[in-house]
Every structure is written in structure tokens, then in C-alpha cells.
Amino acid sequence: MTTESKKGMFQDEFSESKMSNTEIINKRRVINGYDDGLMQVSPLKHPWAYDLFEKMIKNNWVPQEVSMQADVDMWKSDSELTPQEREVYQRSLAFVSNLDGLQTNNLACNIIRHITSPEVTLAVVRQTYEEALHVQSYATMIEALSLEPEEVYGLYRSDQNLYEKNQEVLKATSKIASPTFETGTFEHDQMFLEACVGNIILEGIYFYSAFLIFYVLKRNNKMPGSAEMIQFINRDEDMHLRLFIHITNAIKEEQPELWTEAFQQRIRDNVKASVELEYSWGASCLADGILGLTPDKLREYLQFTGDNRLQAIGLEKEWNSENPFPWIDQFTQGNMIEVNFFEGTVREYQTGSLEW
Ligand SMILES: [Fe+2]
Ligand SMILES: [Fe+2]
């Protein structure tokens, strides 16, 4: 790539022959573009990024708005939750809290500095803030239920399955984590693109299976506050997923040479490995199943989700599995205010409401 791929070109630009604004916008690319570092977002080259940025702002919410009282009462009671339900809840909370912590750092340290489209930077910065909000949400849940932080954040130190899973997730993000890593060569650009798909896997496969656990509990009238918190988080993650699908597809379009047959196979293998990894983790949580959620159904759901992610980036389906939990749509899609999903918690303003 050219030397123009460096961010912060402002200092080199004072000359009679400097580019016009139109030329600057035309040269704009998600990575390896011209970027003076001054965030000139009008006009836009990547309108989808600005659109998502605005949607994310409209989805504003804070974890303090969610009532955890019913969950506190259930958690304290001896009869409301089985020991296995408690274990599944706590392990799921441990995993999502680890994932969001990791993702906050991944975006801030590994991703943003390579983006050369200011509107895409805006969206990823907003995403990073939302990941921090999720970190705060889990802390709110841990504190409300008086859980031992070591048994949630530190569970991976005593739970081998979780340790191995975290390791794998970290491996996917660590390829571009070196502070000396730069985009601008074929190999490095492929690594960056692979990391973008890593984000799709993280946002769109790993999180989705953990969310499922909270929704299964809620569907059985267990831990409703936690499920509401997760719905807010899920709505955010859905935006993040869309953002990285756009980022991936835009890089593919701008640098089609990266999308080789061998690279497509690598991406497919990564998606397949993540579905398997998530399955083994889920199966270790579920044993024979809880509340109708069995390992077999979980596998089908993960495959269905994996197929969706493959298709979103222009690859063929791998499994052709059906969604065994069609009811999940009521938690993840549509206007939940209209269907009066949260009895008694309807809010009259968009901020902090679950209107998608
Ligand atoms: Fe998150
Ligand atoms: Fe996210």
C-alpha cells in the first residue's frame, strides 16, 4: 500500500498542491485510505457507518434503569432455582463478562488505530463505549446478586472449559495485537480482515449462545431483570454485528484481491471452529439440558447462527440447520414496547427503552 495509508496525514499537507475535499472523500477507504486525522465526516464515503452511529446513539440506555429486585429475591430463595440453573447462570455471566472486557480492549487497542474512514471510526468508538457499558452492566448484576467477583470474573482460573474458551477467543484477536502491527501489505491486510470476521464471530456467535441461556431462564419466569439487561446488551451487539459485517464487506469491495479462495476457506474454518468451541462449552454447562435447552438443540442453534454469519459476508451456508428456538425473536427483534413484553416497565422516551 502507499504511504498515504497512515493515519494523521495533516502535518504533511500544507502545500499548494494539496487535495480538494472531493478528492479526499474519493480516496477514503475503511483501511489503507487517505486520512488527515481530523474526522471530516461530511460528506460521507461510508454512509452505513454514520447511519449505525446514529442508531447506536438512539439506543442509549444505562444499566441502572433495569430493576434487579425480582432476581435478587430469586437468587436468595432456596426453591426458585435449581443448583444447575444457578451454575449455568453464573458460568454464562462469567463468560459474557470476560468477552465484553476483552472486546473493549480489542477495539480500543487493535482495531480503531487502523481505520482510515472517520465515519467508520465514529461508529467503532461508539461501539467501544457500549462495550464499556456492558462491562458496567455485568458489574451491576454481580453487585445486585452479591455474587463473589472472583467466582465470576475469575472463574476462568478454576474452570478449565472457560479457560480454554477464553484462550481461543483471545487467539483470534491477538494476531493483530502487536503494537508494531500495521496494515498495508497483502498478508497484514488479510490478517486485519480476518480479525474483522473474528469480531463477527465474537459478536454474532459467542454472545448469542450466552444470551440464549438468559432468555431460556426468563421464558421460564426466572431471573427476569438479568434477561432485560441482556436484551439491552443484545440490541447493542446486534448493531455491532451489523457494523462489522459492513466493515468486512467494504474491505472486500475496496481490496478484492484479499478475498482469495484460500482466505475464504480460512474464514469458513474459523466460523466452523467457533461453532464447535461454543458447542462444547455449552454442552459442558447444560449436561442433559435445562428447561428444554438440550445440547443437541444448542448445536442446531449455533449452526443456524453460523450459517447466517457466513451468508452475511457472501459465503455459502455450511450446515443448513433450522432455528430450533423461533421464540427467541420476541427477545431479539421488533418493538418490545408494543408487544408489552416488560409488563410495567414501558417507558415513554426512546432513551433507555427497548425499541429497535
Ligand atoms: Fe458488548
Ligand atoms: Fe459488541
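Predicted model: local features only at pLDDT ≥ 70, side-chain atom pairs only at ≥ 80, totals over all residues.
Residues are numbered from 1 along each chain as its sequence is written, and chains are lettered from A and ligands numbered from 1 in the order in which they are written.

User: Happy to look at this one with you! What does the chain average in pLDDT?

Analyst: pLDDT is the predictor's confidence in each residue, from 0 to 100. Residues 334–350 stay under 50, whereas 89% of the residues score at least 70. The chain average is a pLDDT of 88.

User: How many contacts beyond four places in sequence does the model have for residues 334–350?

Analyst: Two residues are in contact if their C-beta atoms, placed from the backbone, lie within 7 Å. By that criterion, the number for residues 334–350 is 18.

User: Which elements make up the chain, and how many helices are there?

Analyst: Helices (H or I, at least four residues) and strands (E, at least two) are DSSP runs, numbered from the N terminus. The elements run α-α-α-α-α-α-α-α-α-α-α-α from the N terminus on. There are zero strands, and the number of helices is 12.

User: Are H4 and H5 roughly parallel or roughly antiparallel to each other?

Analyst: Axes are lines fitted to C-alpha atoms, for helices over the stretch in contact, and angles run from 0 to 180 degrees between N-to-C directions. The axes of H4 (residues 83–111) and H5 (residues 118–144) come within 9 Å and cross at roughly 155 degrees. Angles under 35 degrees count as roughly parallel, over 145 as roughly antiparallel, 65 to 115 as roughly perpendicular and the rest as oblique. The two helices are therefore roughly antiparallel.

User: How do the residues of the contact of H4 with H5 divide into nonpolar, polar and charged?

Analyst: Among the residues making this contact are Leu-93, Val-96 and Asp-100 of H4 and Val-124, Glu-131 and Tyr-138 of H5. Ala, Val, Leu, Ile, Met, Phe, Trp, Tyr, Cys and Pro count as nonpolar, Asp, Glu, Lys and Arg as charged, and the others, Gly among them, as polar. The division is 10 nonpolar, seven polar and two charged.

User: Which residues does Ala-144 touch, not counting those up to four places away in sequence?

Analyst: Ala-144 is found in helix H5. Its C-alpha lies 9.6 Å from that of Ser-67, 77 residues apart in sequence. The residues touched by Ala-144 are Met-68, Asp-71 and Val-72.

User: Is Ser-146 buried or exposed?

Analyst: Ser-146 sits in the loop between H5 and helix H6 (149–152), and has a positive phi of about 55 degrees although it is not a glycine. A residue is buried if 20 or more other C-beta atoms lie within 10 Å of its own, exposed if 12 or fewer, and partly exposed in between, with C-beta atoms placed from the backbone. Because Ser-146 has 9 C-beta neighbours inside 10 Å, the class is exposed.

User: Where is Leu-291 found?

Analyst: Phi of Leu-291 is near 50 degrees, a positive value in a residue other than glycine. With 16 other C-beta atoms within 10 Å, Leu-291 is partly exposed. Its place is the loop between helix H10 (261–286) and helix H11 (295–312).

User: Which residues does a cis peptide bond join?

Analyst: Most residues other than glycine have a negative phi, and most peptide bonds are trans. Here omega is about 0 degrees, and the bond joins Ser-42 and Pro-43.
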